[in-house]
Amino acid sequence: MLLEMRGLTKRFGSFTANDSIDLEIAPGEIHCLLGENGAGKSTLMNMLYGLLEPTEGGIFIDGEPADFESPADAIEAGIGMVHQHFMLVPVFTVAENVMLGREQLRSMRRLDRKAAADRVRELSSTYRLHVEPEPLVEDLPVGVQQRVEILKALANDAKVLILDEPTAVLTPQETDELMDIMRSLKERGTSIIFITHKLREVKAIGDRITVIRRGKVVGTAPPTASEAELAEMMVGRAVKLKVDKAPAKPGADVLEVRNATVIDARGTTVVDDVSFTARAGEVLAIAGVQGNGQTELIKMLMGLIEPTTGEVLLDGNDIGDYDPRRSLEAGIGYIPEDRAHDGYVGSFGVHENLVLDLFRQPEFSSRGVLRLDEIARNARSRVEEFDIRTETPTSSLDSLSGGNQQKVVVARELSRPLKVLIASQPTRGVDVGSIEFIHKRIIEERDRGTAVIIVSTELDEVFALADRIAVMYDGRIVDVVSPDIEREEIGLLMAGGGVHA
Amino acid sequence: MPEVQQVEPPEGKEATLRTQPKWMDWLPTVRMTLLSILVALVFGAILIAISDDRVVGAASFGDAITGLGQAVGGSYWAMLTGAVGGWDAIADTLVKAAPLICAGLGVTLAFRAGLFNIGGQGQLVLGAIFAGYVGFAMDLPPGIHLVVAVIAAGIGGALWGAIPGLLKAKTGAHEVITTIMLNYVAASLLLYLLSNVNAFQREGQLNPRSHPVDTTATFPTIFSVHTGVLAAMVLTAVVWWVLERTTLGFEMKAAGANPDAARTAGMNVQRLYVYAMTLAGLLAGLAAAMTVLGQRLSLTTSVAGSLGFDAITVALLGRATPLGTLLAGLLFGALDAGGVQMQAGEGTPIQLTEVIKALIVLFVAAPAVVRSMLHFKARRDHGETTMAAKGWGG
């Protein structure tokens with residue numbers, strides 16, 4: 001089936017999210033849609049999937065106009081979508097999830113579970129998905145859940161499959177497996193629209209690449225185009241993908257964690273007997289697949305949760321029982337992994353967010369009264385220094401793009417003397433241009449003699465910044481390695497030290 | 001370089017310097033509020049019309065139209081003169097508005113800290129008990145007596161506000177539930193005191209009613225307005241100052257808008273909940289002082305009326321801002337004062353004012369209704385502020 005979008009435009013009030021987009025998906029093609037966050041990729045896909053109505057333009061299937069009022073119409077027309085956040089019922093089995101919404105019945109209105117299970121097995125073997133019908137979805141690893149989503153779409157006879165940032169939640173190994181599956185789908189004539197901002201993946205799998213910037217198609221490229229070329233098209237200017245950094249000059253041990261264990265409210269050991277040191281003037285990266293205890297480890301360092309056993313030492317003093325305020329005042333800077341959740345107040349202005357954890361300092365308040373002129377002056381200079389793109393220094397954070405929101409958080413944390421900087425996923429959901437800038441500032445902070453701890457699930461980021469890499473798996477630090485290590489090797493460590501290999 | 005390349009002007013630098021006055025942001029909100037009031041008055045007019053003999057009993061269509069004009073025009077004119085027609089009317093409006101503003105500020109303050117304070121009523125009742133007791137049972141020199149009674153009212157309200165604050169901070173109990181329950185406790189406590197405790201009972205009364213407060217403990221009157229009214233205006237400015245200019249206000253707003261970010265930034269969110277509820281109770285207690293020491297001058301079981309609940313709607317209408325609360329309180333005070341005149345002069349039932357009040361709040365809470373009635377285009381990106389009841393989220 002040939003899918004065409006002609007002149008698709010979507011406006012929200014005066015804001016044009018998609019501006020006259022033309023896109024053609026040939027049968028059996030893997031078409032990559034590349035663009036920064038907020039470039040309009042999701043809006044386009046939501047129109048294609050019947051979730052949004054185009055302001056202008058239309059969708060054509062094999063030359064015939066198609067008008068999708070709801071996802072049901074899109075599914076009917078043979079379009080399937082795997083969302084970034086899975087739409088599965090965790091307490092149902094794989095087969096039940098797949099048959100959901102299109103249940104086959106036996107006599108007396110009983111569900112035909114056997115037919116559903118057979119269908120799962122059949123599709124799974126045809127497309128080499130390795131999915132069994134029986135297990136509950138909640139018991140499956142994320143990578144398998146994603147394959148259940150793909151299977152669900154295939155069960156609906158999808159001819160065009162939209163994959164929205166599918167690799168964001170996967171280990172490097174799982175990503176490789178997904179690419180194999182994409183190839184086998186392609187062999188059988190299914191077209192794939194692959195949405196991503198990871199250049200490496202685009203080059204590895206794409207047949208054609210369409211780049212979107214600020215709601216417009218800025219060009220198409222063959223997969224042979226270099227990463228630098230693709231990045232430049234995405235951002236609109238030349239981008240340095242590699243951070244210039246001198247070799248680290250590690251100093252004294254600043255932060256030391258000794259045999260720390262965190263047991264959460266459900267009794268699960270989320271951080272398991274972890275020990276490491278962070279040294280002045282050095283970047284220690286904690287690599288690992290999401291959900292292997294990094295979040296809790298960092299929250300423990302910040303005093304947001306207390307270690308169940310073990311010690312956290314800052315310059316030799318135990319800070320295990322510090323609350324966040326004391327941790328901050330002791331000289332720890334913190335860029336949280338989920339900035340919208342923990343990093344800023346969306347309804348507050350840029351100027352207010354820039355002092356969110358600094359307002360008590362005599363510079364910004366005296367005797368409980370805010371010094372608004374100083375807060376405004378600070379905002380003007382930080383906006384300038386960090387190139388924060390905002391309409392005014394008092395605009396709300398909600399009105400900024402993800403990259404600029406992150407720059408506000410980074411600017412705030414780097415605007416006071418630090419002993420330790422903890423940055424968790426510092427560039428998640430941040431455009432390529434801002435990534436470059438944020439990485440540069442983190443390395444500058446290192447060279448100033450701060451002990452830097454980076455937590456990242458992106459290997460590219462880990463390799464770009466790290467002087468040492470600690471790999472976390474299942475709550476433990478399984479190894480501390482040098483950044484000279486091969487990608488494959490670290491991928492194995494992230495997946496549990498070769499257990500799955 | 002593959003195919004297309006387009007050059008775009010660099011954005012940002014220049015835009016950074018442009019400033020826009022902040023009040024401009026409020027224009028859509030103000031417009032929507034005024035339209036809501038207008039639409040509510042139109043609905044009120046329909047109610048007046050269908051309950052008036054001059055309209056429904058009219059002999060001809062022409063008579064019905066004339067009757068409609070007379071009935072609606074007469075009623076609303078009476079309401080207007082009752083609210084602002086002359087100094088006495090304005091004074092009446094102000095006296096009725098003062099406790100609404102004050103208790104509304106309490107709801108506003110708590111709301112900004114992320115707390116849905118339904119307990120204004122209970123806090124008012126406690127404030128009234130404390131103010132009344134000091135007013136009639138203690139013997140103090142003029143001036144000092146009033147100050148002590150007002151402080152007592154504030155303490156009573158603050159105590160009743162602090163309880164749900166502490167419960168939330170220590171146990172996570174939701175303030176909506178605890179404040180509602182404490183409203184019942186407060187009402188029952190007042191009834192108990194008035195009917196069973198000698199110190200509160202007035203002899204020879206069938207209805208539960210306390211002794212009158214001593215004249216030394218009442219608000220002095222200037223130009224037929226008691227001085228508590230002035231206090232409501234001052235308190236509006238104080239609450240604004242606390243919210244916009246102090247670190248405490250900064251922390252409370254941060255905790256209200258994003259408690260996780262506030263915690264991460266080193267704020268003690270739990271403690272802020274207690275502070276916010278205590279201050280909210282304090283304001284409700286001061287509202288009770290205005291009522292007991294300025295208007296009613298003795299305690300009855302209905303001394304607080306439905307002030308605590310009206311305060312919620314006032315805060316809602318005022319978009320949880322101090323100035324908005326002041327204006328909304330004045331509007332509701334005017335409706336109350338005008339309603340009396342309307343009933344007396346035109347025979348239009350005073351309940352109509354309650355209907356109008358409720359409709360205003362309904363339309364403000366659901367701006368889409370007004371928009372569709374008046375065929376506005378929906379504006380998603382820079383629209384008016386809607387007060388979502390985020391109380392359940394906390």
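Student: Say angles under 35 degrees count as roughly parallel, over 145 as roughly antiparallel, 65 to 115 as roughly perpendicular and the rest as oblique. How are H9(B) and H10(B) placed relative to each other?

Tutor: Some housekeeping comes before that. This is a predicted model, where local features need pLDDT of at least 70 and side-chain atom pairs count only at pLDDT 80 or more, while totals for chains, interfaces and linings use all residues. Residues are numbered from 1 along each chain as its sequence is written, and chains are lettered from A and ligands numbered from 1 in the order in which they are written. As for the helices, H9 (residues 228-245) and H10 (residues 247-257) of chain B pack at about 75°, their axes 5 Å apart, and are therefore roughly perpendicular to each other. Axes are lines fitted to C-alpha atoms, for helices over the stretch in contact, and angles run from 0 to 180 degrees between N-to-C directions. Helices (H or I, at least four residues) and strands (E, at least two) are DSSP runs, numbered from the N terminus.

Student: Which residues in H9(B) and H10(B) meet?

Tutor: Val242(B), Leu243(B), Glu244(B) and Arg245(B) of H9(B) meet Leu248(B), Gly249(B) and Lys253(B) of H10(B). Contact needs C-beta atoms, placed from the backbone, within 7 Å.

Student: And by class?

Tutor: The contact has three nonpolar, one polar and three charged residues. Ala, Val, Leu, Ile, Met, Phe, Trp, Tyr, Cys and Pro count as nonpolar, Asp, Glu, Lys and Arg as charged, and the others, Gly among them, as polar.

Student: Switching to chain A. How many helices and strands?

Tutor: Chain A has 17 helices and 22 strands. Its radius of gyration is 24 Å, close to the 23 Å from the globule rule for 501 residues, so chain A is as compact as a globular protein of that length. The radius is taken over C-alpha atoms, and the rule is 2.2 Å times the number of residues to the power 0.38.

Student: What is the strand order in the open sheet of six strands?

Tutor: E6-E7-E8-E3-E9-E10 in chain A, with mixed pairing. Two strands pair if DSSP finds at least two bridges between them. The edges are E6 (79-82) and E10 (216-221), and the twist averages 20° from one strand to the next.

Student: Do E7 and E8 run parallel or antiparallel?

Tutor: Parallel: five bridges join E7 (residues 160-164) to E8 (residues 191-196) in chain A. Ile162(A) stands opposite Ile193(A) in E8(A).

Student: What packs on the sheet?

Tutor: Helix H6 (residues 172-187) of chain A does, touching E3 (30-35), E7 and E8, with its direction at about 150° to that of E8(A).

How values were computed. Contact = placed C-beta atoms within 7 Å.
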